[in-house]
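I begin with one residue and its surroundings, and then turn to other parts of the chain.

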Amino acid sequence: MKIKVITLMTLFFLVVSCAKKDKNETTDTTVVDSTEVVVNDDHNAKNSLDYMGMYQGILPCADCEGIETTLWIDENNYVLFTNYLGKKSKTKSEFRGSYVWNNEGNTIILEGIENAPNRYFVGENYLKQLDMDGNKIEGDLAEKYVLQKKSNVKVLPPPPPPAPILIKDVSYHPKSLENTSLIKNKWRLVELNGKPVINNNDHKKEMFIQLNNESRYSAFAGCNNMMGGFELKDEKSLIKFTKGASTMMACPDMTTEQEFAEMLEKVDNYSINGNSLSFNRARMAPLARFEAMK
């Protein structure tokens, strides 16, 4: 009888020992599996999404019905079309340039656009516009700042053909102007309506106008980026600016910008003396003076 009891106790301890061993082995296996789950594969939008193509949407606007936006992206460059809906004046604009990624590889930054949103978070088949500091926009309209992918075409649309310029009723291609100082220089605004203009020391913030050989101009006068067209006529240095468009930033003081836009509508001739340019109306005192930027 004693032998039978001893035998049963021995079997009991063997069963308990095996159970503990199995439990320990199970626990060890779970730890190994858990470690494997947290391995970081470094995937981001830049290296894992098919992000190139065309995106479209209507973004919120503070003083219009919405900003109709089309953004094309290829491997290195972008084309951005915007149209401010519900505005009476000309509101269409086009920007072209290259873009870069942020350090995290999830946001593209459109180069060449200043004083306006130029950062877009890249998701799967969508782009989300960020604020000026690169942060996600909050509030009731936050989900409206989204452009949906409409096409995987990776070829950007070509620029519009240059408009011809008429001189003595003879049409010629504006490429012939590319070597003139009016076209080849970028001009810093130094005087407006007879008053000196103080530019910011930051080179990117200086007030300027730049004309190109495609009869287009770009300008900055303290708040918004401005753009439009111009015409040159005959040998008397006559020039006429067409009514342009601008970005729609609201700034504390837009006096200079408003005076600059009004000045362009009045100009009918220009004069260049070395590195100095003046925009004039008839033979009156210059409306604006510029100097060539280095």
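**Notes on the predicted model**

1. Leaving aside neighbours within four places in sequence, Lys128 is in contact (heavy atoms within 4.5 Å) with Arg119, Tyr120, Phe121, Ala142, Glu143, Tyr145 and Val146. The side chains of Lys128 and Glu143 are also joined by a polar contact of 3.3 Å, a term that covers a pair of N or O atoms within 3.5 Å, where within protein one must be able to donate a hydrogen and the other to accept it, and where residues adjacent in sequence count only if both atoms are side-chain atoms. Lys128 has a relative accessible area of 13% and is therefore buried, given that buried means under 20% relative accessible area, exposed over 50%, and partly exposed in between, with a 1.4 Å probe and protein chains only.

2. On the basis of these notes: this is a predicted model, in which local features need pLDDT of at least 70 and side-chain atom pairs count only at pLDDT 80 or more, while totals for chains, interfaces and linings use all residues. Residues are numbered from 1 along each chain as its sequence is written, and side-chain values use heavy atoms, with hydrogens and water left out.

3. Lys128 belongs to strand 7, residues 126-129; helices (H or I, at least four residues) and strands (E, at least two) are DSSP runs numbered from the N terminus. Strand 7 pairs with strand 6 in the antiparallel sense over four bridges, where pairing requires that DSSP finds at least two bridges between the strands, and Tyr120 has Gln129 of strand 7 as its bridge partner. On strand 8 (residues 146-151), three bridges join strand 7 in an antiparallel arrangement, with Leu147 as the bridge partner of Leu127.

4. Which residue in the turn of the hairpin formed by strand 6 and strand 7 has a positive phi? It is Asn125, with a phi of about 70° although it is not a glycine, and the hairpin has two residues between its strands. At 43% relative accessibility, Asn125 counts as partly exposed. Ala282, in the loop between strand 19 (276-280) and strand 20 (288-292), is likewise not a glycine and has a positive phi of about 55°.

5. A search of the whole structure finds two disulfides, each being a pair of cysteine sulfur atoms within 2.5 Å, and with bonded cysteines counted along the chain they follow the pattern 1-2, 3-4. Cys61 is joined to Cys64 with an S to S distance of 2.1 Å, and both cysteines are buried. The torsion about the S-S bond of Cys61 and Cys64 is about 130°, so this disulfide is right-handed.

6. In the disulfide of Cys223 and Cys251 the sulfur atoms are 1.9 Å apart. Because Cys223 lies in the loop between strand 14 (216-220) and strand 15 (225-233), and Cys251 in the loop between strand 17 (245-246) and helix 4 (255-266), the pair ties together parts that are 28 residues apart in sequence. The torsion about the S-S bond of Cys223 and Cys251 is about 80°, so this disulfide is right-handed. Cys223 is buried at a relative accessible area of 2%, whereas Cys251, at 26%, is partly exposed.

7. The buried residues of helix 4 are Glu257, Phe260, Met263 and Leu264. Seen down the helix axis, these residues fall within an arc of 120° (taken from the directions from the axis to the C-beta atoms), so they line one face of helix 4.
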